[in-house]
Amino acid sequence: MRTSTRTLLAAALVLGVAAGPALGPAVAAQPAATARPARDADLAKTMAAAIAGLPRADATAALVRVGGTAGTWRGSSGVRDLESGAPADPAARFRAGSVTKVFTAATVLRLVAERRIGLDRPARAYLPDLIPARYGGVTARQLLNHTHGIPAPDFPGETVEEWYEHRFDVHTPEELVRSATAKPREFRPGTRQHYLNIGYTIAGLIVERVTGDSYERQVERRILRPLGLEDTYLPGGAAGITGPYNHGYQTMRLGDGTTGLRDVSVWGTSDAWAAGDLVSTTADLERFTRALFAGRVVRGPLLEEMFTLPEVTDLETGVPAAYSVGLSMKRLGGREVWGKTGGRWGYNAAIGSTRDGSRTLVYSVNSTDAKGQDTNPTALRVMVAAYGLPD
């Protein structure tokens with residue numbers, strides 16, 4: 001999971017100003033945070049404080065589940081929508097964004113176990129009609145750990161307002177791959193790391209090519225159904241969320257020239273597909289996280305791929321790689337925490353766990369700037385409350 005520096009995290013946890021003022025007259029009453037009793041009194045206190053006071057400028061709702069032998073807690077805060085001011089639904093579905101990548105990686109690794117995909121085999125061997133020779137050396141593993149060197153595809157628009165105008169555009173995975181691979185590579189495969197969606201788009205296409213089935217059905221058959229994740233689904237680019245959900249909002253320039261919140265709950269996801277279109281609940285993601293870390297989704301040496309960081313540096317920052325196959329790692333509170341964050345317009349989400357499963361965390365925060373450069377202040381407070389500050 002990507003988090004900010006110790007200073008920023010501490011500020012977000014301690015100072016209310018990091019989140020900004022509470023929202024105005026659109027919501028007259030602010031429902032208090034609600035929580036189930038926890039075995040760990042300190043955990044209950046810090047978690048309740050982390051999400052108290054919603055809605056405010058940075059977020060309109062938050063759903064959190066903490067599990068594991070170190071203590072359990074479940075809580076929600078904020079509102080279902082700004083118009084009614086009804087309390088946030090703790091069982092609501094939400095867009096999980098790049099948490100999708102964990103499901104994609106697990107599906108690929110299960111196919112590796114069946115010897116239908118080889119991690120060290122070039123992606124072009126599976127998609128010779130789509131991957132050009134200049135990217136002929138990129139392997140399946142490099143797609144999954146972001147060391148492939150393929151740049152991002154082009155999308156119309158440069159501002160959130162322009163992207164909003166294109167929110168119903170439909171992009172095929174093949175179109176995205178062609179756009180990306182038409183460009184020069186960013187670096188020689190395997191020498192740097194650059195976190196992008198395109199590797200997972202190609203991985204989803206490889207899943208389809210080797211199985212003769214859709215990516216969505218493969219994830220459902222191999223992960224969702226066996227684990228009983230009945231409230232999780234892949235929308236296939238559909239713009240709406242099926243079932244109950246807490247509305248997502250984005251700060252942007254409005255039609256009258258002012259800046260305010262716009263409801264962005266309905267927004268197409270074909271630009272993300274196998275890299276970021278999952279819809280889920282905190283209960284389902286908690287079940288998935290427990291199963292994954294217990295070795296019930298991916299087994300043996302292949303599971304270790306998800307906990308092995310490539311020995312390269314990040315293209316943009318120069319720091320050691322933080323992303324493995326499907327997951328990322330951050331040292332928090334003196335221990336390794338593995339997981340994945342995700343963001344779609346109106347929604348930030350994350351799963352996380354210690355390797356031994358002693359503390360798991362799942363959250364959904366209805367962020368008002370979910371695709372912003374900085375981590376959402378409410379999400380920061382939740383992560384610090386669960387695991388502590390970065391080492």
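Which residues does Thr368 touch, not counting residues up to four places away in sequence?

Modeller: This is a predicted model, in which local features need pLDDT of at least 70, side-chain atom pairs count only at pLDDT 80 or more, and totals for chains, interfaces and linings use all residues. Residues are numbered from 1 along each chain as its sequence is written, and side-chain values use heavy atoms, with hydrogens and water left out.

Thr368 touches Ala57, Asp58, Ala59, Thr60, Tyr249, Gln250, Thr251 and Leu261, leaving aside residues up to four places away in sequence. Contact here means heavy atoms within 4.5 Å. Thr368 sits in the loop between β13 (360-367) and α11 (377-387). Helices (H or I, at least four residues) and strands (E, at least two) are DSSP runs, numbered from the N terminus.

Thr368 counts as buried because its relative accessibility is 4%. Buried means under 20% relative accessible area, exposed means over 50%, and partly exposed is in between (1.4 Å probe, protein chains only).

Now to the charged pairs. Side chains of opposite charge can pair when their charged atoms come close. A salt bridge is a side-chain nitrogen of Lys or Arg within 4 Å of a carboxyl oxygen of Asp or Glu. The whole structure has 16 salt bridges.

Take Arg116 and Glu114. They form a salt bridge, and their closest N and O atoms are 3.4 Å apart. Arg116 is partly exposed, at 33% relative accessible area. Glu114 is also partly exposed, at 40%.

Next come Lys183 and Asp154. In their salt bridge, the closest N and O atoms are 2.8 Å apart. This pair links distant parts of the chain, 29 residues apart: Lys183 is in the loop between α6 (173-181) and β5 (192-193), and Asp154 is in the loop between α4 (140-144) and α5 (160-165). Lys183 is partly exposed at 22%, whereas Asp154 is exposed at 54%.

Then look at Glu304 and Arg355. Their side chains meet in a salt bridge at 3.1 Å, N to O. Glu304 lies in helix α10 (residues 300-305) and Arg355 in the loop between β12 (347-353) and β13, so the pair ties together parts that are 51 residues apart in sequence. Glu304 is partly exposed, with a relative accessible area of 36%. Arg355 is partly exposed, with a value of 36%.
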